[in-house]
Amino acid sequence: TVCRLVNFDRWRARRAVLIGALALLMLNLGWSLLGIGLVAFSGRWVDPVSVILRHGGPVAMILGVIATCAISTTIVGTNISLKTFFADACQGKHRRLPGLLCGLSVLVPVLLALSSPNVF
């Protein structure tokens, strides 16, 4: 957790959360402004992502990097949370089975995706 990373220092934890939240806010605002600025208003709804990808260039490349980062962080977050869930379910016995926890945290989502590909 953030508190553990900053050794439970309240001031450092608040600063870390504030800086992280502001960074995400700036990314979100920048993405929104980019989408609004690149798509000409025509009175009908147009998907800014499809317009950006259709034109290509450096903005499309940046969009690909952002999409890759978003997917990667989702996968990592899901893996960590599932590993923690399975560790709690093992009630402290997980120290002897770290490979099993990693396997379960990867195997369960893979099996779900393979058995029901339209669930997503």
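Start with two helices: select residues 48-55, which are helix α3, and residues 57-89, which are helix α4. In this predicted model, the pair packs at an angle of about 125°, and the axes are 7 Å apart. That angle is why α3 counts as oblique to α4. Turn the view until you look through the pair, and you'll find that the crossing of α3 and α4 is left-handed.

Now show side chains where these helices touch. On α3, pick Val49, Ile52, Leu53 and His55; on α4, pick Gly57, Val59, Ala60 and Leu63. Colour that contact by class and you get six nonpolar residues, two polar ones and no charged ones.

Next stop: the largest pocket. Which residues line the largest pocket? Select Leu27, Asn28, Trp31, Ile66 and Ala70. The largest share, three residues, comes from α2.

Finish by colouring the pocket lining by class, as you did for the helix contact. This time the count is four nonpolar residues, one polar and no charged.

Technical notes: Residues are numbered from 1 along each chain as its sequence is written. This is a predicted model: local features need pLDDT of at least 70, side-chain atom pairs count only at pLDDT 80 or more; totals for chains, interfaces and linings use all residues. Side-chain values use heavy atoms; hydrogens and water are left out. Axes are lines fitted to C-alpha atoms, for helices over the stretch in contact, and angles run from 0 to 180 degrees between N-to-C directions. Helices (H or I, at least four residues) and strands (E, at least two) are DSSP runs, numbered from the N terminus. Angles under 35 degrees count as roughly parallel, over 145 as roughly antiparallel, 65 to 115 as roughly perpendicular and the rest as oblique. A crossing is left-handed if the near helix is turned anticlockwise from the far one by less than a right angle, and right-handed if clockwise. Contact means heavy atoms within 4.5 Å. Ala, Val, Leu, Ile, Met, Phe, Trp, Tyr, Cys and Pro count as nonpolar, Asp, Glu, Lys and Arg as charged, and the others, Gly among them, as polar. On a 1 Å grid over the protein atoms alone, a cavity is a set of points where a 1.4 Å probe fits but cannot get out, and a pocket is an open set with protein on both sides within 12 Å along at least five of seven lines; lining residues have an atom within 4 Å of a point.
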